[in-house]
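Hi,

Here is the structure I promised to pass on to you. Please open it next to this message, and my notes on what turned up follow below.

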Amino acid sequence: MTTTNDTTASANGGDVRLTGIGKTYGSFTAVHPLDLTVPQGSFFALLGASGCGKTTTLRMIAGLEEPTSGTVHLGDQDVTALPPYKRPVNTVFQSYALFPHLDIFENVAFGLRRRGIKSVKKQVEEMLELVQLGEQARKKPHQLSGGQQQRVAVARALINHPKVLLLDEPLGALDLKLRRQMQLELKRIQTEVGITFVHVTHDQEEAMTMADTVAVMNAGRVEQLGSPADLYENPRTTFVANFLGTSNFIEAEVDTGSGDDVVLKAGGGRLVLPGARNRATATAGARILVGVRPEKISLTHADDADGIPEGRNRITGRITGAGFIGVSTQFVVDSPVCSDFEVYVQNIDRDPRLVPGAEVVLHWNPAHTFGLDANQSLLAGTVGSAGVATVEEEVAR
Amino acid sequence: MTTVTEAPPLAPAPPEPEPPRRRGRWTPYLLLLPGLLWLLVFFALPVVYQASTSVQTGSLEEGYQVTWHVATYWEALSEYWPQFVRSVLYAASATVLCLLLGYPLAYLIAFRAGRWRNLIMILVIAPFFTSFLIRTLAWKTILADGGPVVGALDALHVLDVTAWLGWTAGDRVLATPLAVVCGLTYNFLPFMILPLYTSLERIDPRLHEAANDLYARPSTTFRKVTFPLSMPGVVSGTLLTFIPATGDYVNADLLGSTDTRMVGNVIQSQFLRVLDYPTAAALSFILMAAILIMVTLYIRKSGTEDLV
């Protein structure tokens, strides 16, 4: 699937435009030819598991990797043939790649000096202030903490006022708390300087908190592109549905596909899916994967099933696991249509009867249901033991 | 006897102290012991012995006595200072040549060789499988009068230039300064390449990318990033070449003439032919001191302490 953008509303001069850009190494295709437009001033994330081609895409924009096909445009300028040192683009590298023999000041001044700018002092000091490292100017990189080095790397790139700032997993080496802090920091800096950021990450939470637009990549292709909320609510494939958060899937058969709603049969029950949120063909008898996010589901003890309002999608089951994590409780429910249904329940009024073994009814607003083509793996994009484990589980099915 | 001239104090540095460990407090010292004993017997004691020899007077027949005759140093220096100067000049020329030849090769092995890397490394080390003497003698054949090399250089009028510079004499290369410097360069080249390669290979290639990304063209990247980061290799390579080359006497002996005698040759003949032990010992100490001073100044100047 070659994803075309849907965000080219502004014909601005600083857009990054990739046209049919692809990269192959021998017989291995790292990036399938793809078209992508990153509007000027936006915070764009390339999200995907390792080896999905996101870093290669980024490096092609930087000029560090030569594309096998296609072109890279920055605004109106075709930069495909330009070497990296002639592109108005700067990169924050994964391991920062700070120059170990230069102090922080000289690291930050490096780009300015190479462009023949003599009086760098004021600019460098201002930039160090922006990343709150004014005190550290005369230290060597190895004397700084990981978070500080990261900020030097950002400052070193930003001081050149590039048209685009490329960030290659810049927070990967930091611990969780620092990463959260740096996410906010980067977002603040981006808003302050207004430069286009293209951010590569495998962390879906990072992509969603920081970016305006996220492109989810898988096996060298863009699976889906959109705002974080859009990707989360309307995933187009099981890969996207699983990679961004958690999804429950039910294999269902279309009963009636006419009208605004699709009515489905699953395990003797009846489910309703809004036609607008269905990505599969809805002819009667067709199979569809019905998806619903764990936090959209309510859990009611079977004894109180009569109290559930009409018109909600319902599934019966038995609780097999319950994990209390403070703000919510994560239940795993075994039901005839899906063996491990995940349900997140906010801990507002906890029902003491909801313990493993209890018979329950799961119910949710039909509007929160989405439908996907049944012809794909349910486990695509499951994080954690993804990859190999996924394949094995599929074989075992 | 010749151990002194061949082992200036810097080369056999004592083994590095072991990393600190709480348990087994004595283990590090025990591990140090063999090396320390070796140094004591074959380095420290000979140095003391030579020091005492250098202040003795007497003759071979009557025997030598310690008379604290320090004037030997002054006499040795005033008589043999041309050989000292020559040694330093030859060694410095050979070191510069080694650097010019070795750096591109080390760079190639570190960054461009790919799967050929190991093969090239073996080729660099391969000469060590042959004896130092034989390799030097081979150069005698290579540079032989009327041989193909000399013939080619003559035909290209290179010899006219080198003769004008005083590096060669007439249509000969053998028995001239050029031959000695060539021999030194050849024999010590691996000692330059290996440390250079080690420090180049340690440079993260992403630093090149970062420099490229920050508007540095490849030549600027080399000047501002690669070369400064390879300084530890440059320093240790030049030391490993310069120090032994200064004290070398084999190349001057086999490829040179009486006009190209280096201080090593003088010490050798004082010890083994003239049998003037005090002068030979004094010369050894002067050489040691001179090398120490030069090396210290060099390391100070290159300022690579925090890079190593």
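**A hairpin in chain A**

Let me start with β9(A) and strand β10 (residues 221-226) of chain A, which run antiparallel to each other and are joined by five bridges. Please keep in mind that this is a predicted model. Within the pair, A:Val216 sits opposite A:Gln224 of β10(A). The two strands make a hairpin with two residues between them, and A:Ala219 in that turn has a positive phi of about 50°.

On its other pairing, β9(A) meets strand β3 (residues 43-47) of chain A in the parallel sense, over four bridges. There, A:Ala45 is the residue that faces A:Val214 of β9(A).

Is strand β9 of chain A enclosed or open to the outside? Six of the six residues of β9 (residues 213-218) are buried, so the strand is largely enclosed by the rest of the structure. In a regular strand, side chains alternate between the two faces of the sheet. In β9(A), A:Thr213, A:Ala215 and A:Met217 point one way, while A:Val214, A:Val216 and A:Asn218 point the other way, and all are buried.

**A proline to look at**

A:Pro228 belongs to helix α7 (residues 228-233) of chain A. How many other C-beta atoms lie within 10 Å of A:Pro228? There are 20 of them, and because 20 or more is the cut-off for a buried residue, A:Pro228 counts as buried. Setting aside neighbours within four places in sequence, A:Pro228 touches A:Met208, A:Ala211 and A:Val214.

The partner of β20(A) is strand β14 (residues 287-292) of chain A, and the two pair in the antiparallel sense over four bridges. A:Val290 has A:Gly371 of β20(A) as its bridge partner.

As for the whole chain, chain A has nine helices and 20 strands. The C-alpha trace spans about 80 × 45 × 40 Å along its principal axes. Of the 397 residues in chain A, 43% are buried.

**Over to chain B**

Chain B has 14 helices and two strands. The C-alpha atoms of chain B fill a box of roughly 75 × 70 × 35 Å along the principal axes, and 36% of the 308 residues are buried.

The UniProt entry, which is unreviewed, annotates several stretches of chain B as "transmembrane region", including residues 88-111 and 225-245. In the model, residues 88-111 of chain B are 100% helix, with the end C-alpha atoms 33 Å apart. Residues 225-245 of chain B are 95% helix and 0% strand, and there the end C-alpha atoms lie 30 Å apart.

One helix pair is worth a look: α3 (residues 71-112) and α14 (residues 277-302) of chain B pack at an angle of about 65°, with their axes 9 Å apart. Their crossing is right-handed. Among the residues making the contact are B:Tyr73, B:Leu77 and B:Phe84 from α3(B), and B:Pro278, B:Leu283 and B:Ile286 from α14(B). By class, the contact has ten nonpolar, two polar and no charged residues.

**Where the chains meet**

Finally, 16 residues of chain B are in contact with 15 residues of chain A. On the chain B side, the elements that give two or more residues are α9 (205-213) and α10 (218-229). Which element gives the most to that side? It is α9(B), with six residues. The chain B residues that touch chain A divide into nine nonpolar, two polar and five charged.

Best wishes

Methods:
Residues are numbered from 1 along each chain as its sequence is written. Chains are lettered from A and ligands numbered from 1 in the order in which they are written. Two residues are in contact if their C-beta atoms, placed from the backbone, lie within 7 Å. Ala, Val, Leu, Ile, Met, Phe, Trp, Tyr, Cys and Pro count as nonpolar, Asp, Glu, Lys and Arg as charged, and the others, Gly among them, as polar. A residue is buried if 20 or more other C-beta atoms lie within 10 Å of its own, exposed if 12 or fewer, and partly exposed in between; C-beta atoms are placed from the backbone. Two strands pair if DSSP finds at least two bridges between them. UniProt positions are given in the numbering used here, feature names are shortened, and annotations may be inferred rather than shown by experiment. Axes are lines fitted to C-alpha atoms, for helices over the stretch in contact, and angles run from 0 to 180 degrees between N-to-C directions. A crossing is left-handed if the near helix is turned anticlockwise from the far one by less than a right angle, and right-handed if clockwise.
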